[in-house]
Structure formats: C-alpha cells, structure tokens
Amino acid sequence: MENRSKHLLLSTRKPRGISTALLTGLLALTPMGPLQAQEGGSAPVQVIEPDIEPRSISEADIDSEFFEVGAFAGMLTIDNFSSEPLVGVSAAFHATEDFFLQFNYGMSEAGLTSFEELSGANVRLLTDDDRDYSYYDFLVGYNIFPGEIFFSDSLTFNSAFYLVGGVGNTEFGGESNFTTTIGTGFRIVLLDWLTVHVDFRDHMFNSDLIRESQLTHNIELSSGITLFF
C-alpha cells in the first residue's frame with residue numbers, strides 16, 4: 001500500500017516539471033515590449049507623414065442640362081454624284097446619362113455624275129433645282145464609351161464616343177425617299193453648356209435616278225458646336 005502511494009506521488013510531480021520547462025521556453029521566445037526596447041537602448045521609430053496638398057479642379061459635365069441645340073458643317077458624298085459641302089442644324093434630348101434622342105436637318109447640292117462629266121455640257125441628268133439635296137432624321141443615340149480626353153497635364157475634358165441610328169426622309173432629284181441612317185460620333189464637353197461634335201453618318205435609301213431601285217449610301221462627315229440648356 002505504501003509503495004503504491006509513492007508511485008502516485010511521483011507520477012503527479014512529473015507533469016509539473018514539464019509544464020515549468022515549457023513556460024520558461026515560451027517566455028524566452030516572447031518579443032520584448034516597447035518599454036523593454038527603450039530600456040535596451042534602441043531608437044524610437046519616427047513616422048514621416050507625406051506632405052501632399054489636394055489639387056482643386058473644375059470639371060465641366062452635363063449634369064442638369066437635358067436639351068441640346070446646335071449647327072454643323074462638313075462634307076456629303078452623294079452616291080453616283082460628287083462630294084459637296086453640307087450644312088445643317090440639330091437638336092437633342094438627353095433622356096438618361098447613356099441614351100439620347102436627336103433630330104437633324106441638313107442641306108447640300110449635288111454636282112455632276114461621271115457620265116455627265118464625260119458627255120460634255122450638253123448632257124444633264126438633272127436640272128439645277130433637282131440637284132438640291134436635303135434630309136431630316138430622328139435618331140436614337142447611345143454613349144458607348146464615356147471618358148476623358150487629355151490635352152495636357154492640367155487640361156482635361158469629359159468626352160463620349162456614341163452610336164446613333166434611326167429613320168428619316170431625303171429630298172433629292174425630284175424624289176422623296178424613306179431613309180435609314182446609322183453612324184457614330186465623338187463629343188467633347190468644353191463647358192457645362194458648350195460641346196464640340198465630330199460625326200459620321202451613312203444615309204441609305206433606294207433611288208431610281210441612275211438605276212431602278214438602287215440602294216444608295218450617302219456618306220456624311222461633319223463637325224459642329226452645340227449648346228446645352
């Protein structure tokens with residue numbers, strides 16, 4: 001009975017010795033605190049705050065203006081005829097940040113066809129009045145790539161690359177033709193109320209002037225200024 005008690009006492013003392021050794025090892029591995037580090041002679045850490053002053057900017061943006069009116073000028077290549085100057089007016093309503101509705105009216109005057117130029121002055125397919133070219137269209141536009149354009153380090157403008165498409169009517173050669181128009185454009189917002197546009201349009205309609213029911217593509221490249229209000 002006495003030997004059994006000694007065995008139990010020895011078996012309970014052994015874990016205590018192991019715990020004491022583990023605790024001593026953990027204290028040795030614990031890093032020293034700041035106070036202990038200062039007492040040890042190491043220099044305090046100096047935090048350097050960056051000296052950056054925020055730059056104030058003035059950004060032109062279409063925020064509260066929904067209507068847009070303006071004028072444009074450019075060149076119109078009339079199918080089977082020559083390329084002639086084009087002038088016109090436009091108006092738009094910006095329904096959302098991405099979508100807008102646009103109305104355009106343009107005028108030009110067709111030149112001579114290749115056949116007329118080769119045949120001389122005695123052959124004319126159209127009278128002078130019939131050479132007047134005018135159109136109007138209603139387009140739906142979508143700002144597909146809104147962004148910014150950088151002219152220098154301190155001069156930046158908001159911009160947008162957009163797509164348009166719609167229908168209208170074209171008066172040319174004594175005909176009145178239903179017209180489908182598709183195109184693209186690039187807009188630069190100079191001020192809250194002033195923008196500059198560069199537009200490309202393809203006015204497509206069937207014409208009987210040269211050949212019967214010929215689908216013509218009349219390409220427009222123009223630039224204009226619009227005002228927002």
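**Figure 1. G224 in strand β8 of the predicted model.** G224 is placed in strand β8, and the structure shown here is a predicted model. With a relative accessible area of 9%, G224 lies under the 20% limit and is therefore buried. The view includes V198, which is 26 residues from G224 along the chain. The C-alpha atoms of G224 and V198 are separated by 6.7 Å.

**Figure 2. The salt bridge between R201 and D199.** A search of the whole structure finds 1 salt bridge. R201 forms a salt bridge with D199, and the closest N and O atoms of the two residues are 3.4 Å apart. Both partners are covered: R201 is buried at a relative accessible area of 3%, and D199 is buried at 9%.

**Figure 3. The aromatic pair of F100 and Y162.** The whole structure contains 10 aromatic pairs according to the search. For F100 and Y162, the ring centres are 5.5 Å apart and the planes stand at 85°, so the pair is edge-to-face. Planes over 60 degrees apart are assigned to this class. F100 belongs to strand β3 (residues 99-109) and Y162 to strand β5 (residues 156-172), so the contact ties together parts that are 62 residues apart in sequence. F100 and Y162 are both buried.

**Figure 4. The ring cluster of F67, F93 and F229.** The side chains shown are F67, F93 and F229, which ring pairs link into a cluster.

**Figure 5. The negatively charged surface patch around D129.** E109, D128, D129 and D132 gather on the surface in a patch of negative charge. Within this group, D129 is located in the loop between α3 (114-119) and β4 (132-150). The relative accessibility of D129 is 64%, and the residue therefore counts as exposed, the limit being over 50%.

**Figure 6. I210 in the loop between β7 and β8.** I210 is found in the loop that lies between β7 (194-207) and β8 (214-228). Its relative accessible area is 34%, so I210 is classed as partly exposed. The view also contains L125, which is 85 residues from I210 in sequence. From C-alpha to C-alpha, I210 and L125 are 8.8 Å apart in space.

Definitions and conventions: Residues numbered from 1 in each chain as written. Predicted model: local features only at pLDDT ≥ 70, side-chain atom pairs only at ≥ 80, totals over all residues. Heavy atoms only, no water. Patch = residues over 30% accessible without salt bridge, like charges linked within 9 Å, V, L, I, M, F, W, Y side chains within 5 Å. Areas by Shrake-Rupley, 256 points an atom, 1.4 Å probe, with all protein chains shown as cover. Salt bridge = Lys/Arg side-chain N within 4 Å of Asp/Glu carboxyl O. Lys, Arg positive; Asp, Glu negative; His and termini not counted. Charge placed at Lys NZ, Arg CZ, Asp CG, Glu CD. Helix = DSSP H or I, 4+ residues; strand = E, 2+ residues; numbered from the N terminus. Buried < 20%, exposed > 50% of the residue type's maximum accessible area, 1.4 Å probe, protein only. Phe/Tyr/Trp six-rings, centres within 6.5 Å; stacked < 30°, edge-to-face > 60°.
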